[in-house]
Each structure stands twice: as C-alpha cells, then as structure tokens.
Amino acid sequence: SNNVAGELGHVTAMAQGAERPCVCGKTNCLTKFISLEALEADYGKPYGQLVEDVRRKEPKAVALIEDVCAYLAPILANVIILLDLDRIILCGCTVEHFESIIYPCLDRKIRKLLSYWVSFKRLEIHTNVKITAISSRFLLDYYFSTESDIRL
Ligand SMILES: [Zn+2]
C-alpha cells in the first residue's frame, strides 16, 4: 500500500561497528553498506577507483566487495527460506561491476545458510537489462514451465 514492498536496501544488515543512520529513519540499513555511496565512503576513494582496483585485484578493494557478499548473503538466504524461492535475480551497478567476485562469493555464502529442503536452484546476475524485462521473462518462463501451478 505504500509502494515500498521489496525495498531490500532498507532491511537491517548485521553489522559491527558504529551504527549508520539512514534516511528512512532506521540505522544499519543494507544500503548504508553496499550502495555506491557507502562503498566510496568505506573505500575512501571514488567508485571508479574501486572498480579499477578490484579489476587489478587490490586486496583492500576485493575485501570490500567480499564484505558486500557478507552483508547480502544472510538477508537473501532468509528471504529464500521464508518464501521458498528457487532463484534470486540481482542487477544494479554494484553486482554488474563486481560480478566476478560477487557471484561465486555470494552463491557460496547463501548456500551455506540454506536448509536442505528449500527449492533454491540458482543465483542470477543480469547486466545491462531492465528489471521489468527480467521480471517479464521470469513470469513467462514460470507460467509455461511444467512446474507451474498458476496455469488457468
Ligand atoms: Zn533505511
């Protein structure tokens, strides 16, 4: 009713250290740790430099992106368990720029947090596509799959 459903950026991240106030009125929202602005602040350099340093495998830069996975994994795992999701689709500049680190790291961390009986099959990272196109394709795939029980 408030158009904020699915606003993953404002779920609470399990973080240590000083609390980070958010514009939403809470502290330690996920966005305060993994957004472009948060990564720049934590790295102490412009985002473009972080992208370049990760590409060159600078340890501090790579560790920062691995921290992104550490923040995201428990949140996504809880959503997967709660809703019995079979896939998670991620997009956006952070996952696009750092896909080579985020994909294996996040996939491994998520799977460690899941029970045996959830349906989770795969993590997908999509680049340069609109979320509506991804969502439409997903719904069409699901609707026409043999596993679907939403057919008319
Ligand atoms: Zn917030």
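# Exercises on a predicted model

The buried residues of helix 3 (residues 47–55) are Tyr 47, Leu 50, Asp 53 and Val 54; buried means under 20% relative accessible area, exposed over 50%, and partly exposed in between (1.4 Å probe, protein chains only). Seen down the axis of helix 3, these buried residues fall within an arc of 120°, so they line one face of the helix; the arc is that of the directions from the helix axis to the C-beta atoms.

This is a predicted model, in which local features need pLDDT of at least 70 and side-chain atom pairs count only at pLDDT 80 or more, while totals for chains, interfaces and linings use all residues. Residues are numbered from 1 along each chain as its sequence is written, and side-chain values use heavy atoms, with hydrogens and water left out.

## Exercise 1: the whole chain

Task: describe the fold pattern and the surface of the chain.

Solution. 
- Start with the elements: the chain has seven helices and two strands. Helices (H or I, at least four residues) and strands (E, at least two) are DSSP runs, numbered from the N terminus.
- Next come the dimensions: along the principal axes, the C-alpha atoms fill a box of roughly 55 × 35 × 30 Å.
- Turn to burial: 34% of the 152 residues count as buried.
- Finish with the surface: the chain exposes about 9,800 Å², and carbon and sulfur atoms supply 56% of it. The areas come from the Shrake-Rupley method with a 1.4 Å probe; for residues, only the protein chains shown count as cover.

## Exercise 2: around helix 3

Task: find which elements cover the buried residues of helix 3, then look just after the helix.

Solution. 
- List the cover: it includes helix 2 (36–43), helix 4 (59–83), helix 5 (93–97) and helix 6 (99–112).
- Step past the end: just after helix 3, Lys 57 takes a positive phi of about 60°.

## Exercise 3: Glu 124 and His 126

Task: trace the surroundings of Glu 124 and His 126.

Solution. 
- Glu 124 is buried, at 10% relative accessible area.
- Leaving aside neighbours within four places in sequence, the contacts (heavy atoms within 4.5 Å) of Glu 124 are Arg 87, Ile 88, Ile 89, Leu 90, Tyr 103 and Arg 137.
- The side chains of Glu 124 and Arg 87 are joined by a polar contact of 3.5 Å. A polar contact is a pair of N or O atoms within 3.5 Å; within protein, one must be able to donate a hydrogen and the other to accept it, and residues adjacent in sequence count only if both atoms are side-chain atoms.
- Move on to His 126, in the loop between strand 2 and helix 7 (131–144). His 126 counts as buried at 15% relative accessibility.
- With neighbours within four places again left aside, His 126 is in contact with Ile 89, Leu 90, Cys 91, Glu 96, Ile 134 and Arg 137.
- Lastly, the C-alpha atoms of His 126 and Val 95, 31 residues apart along the chain, are separated by 8.4 Å.
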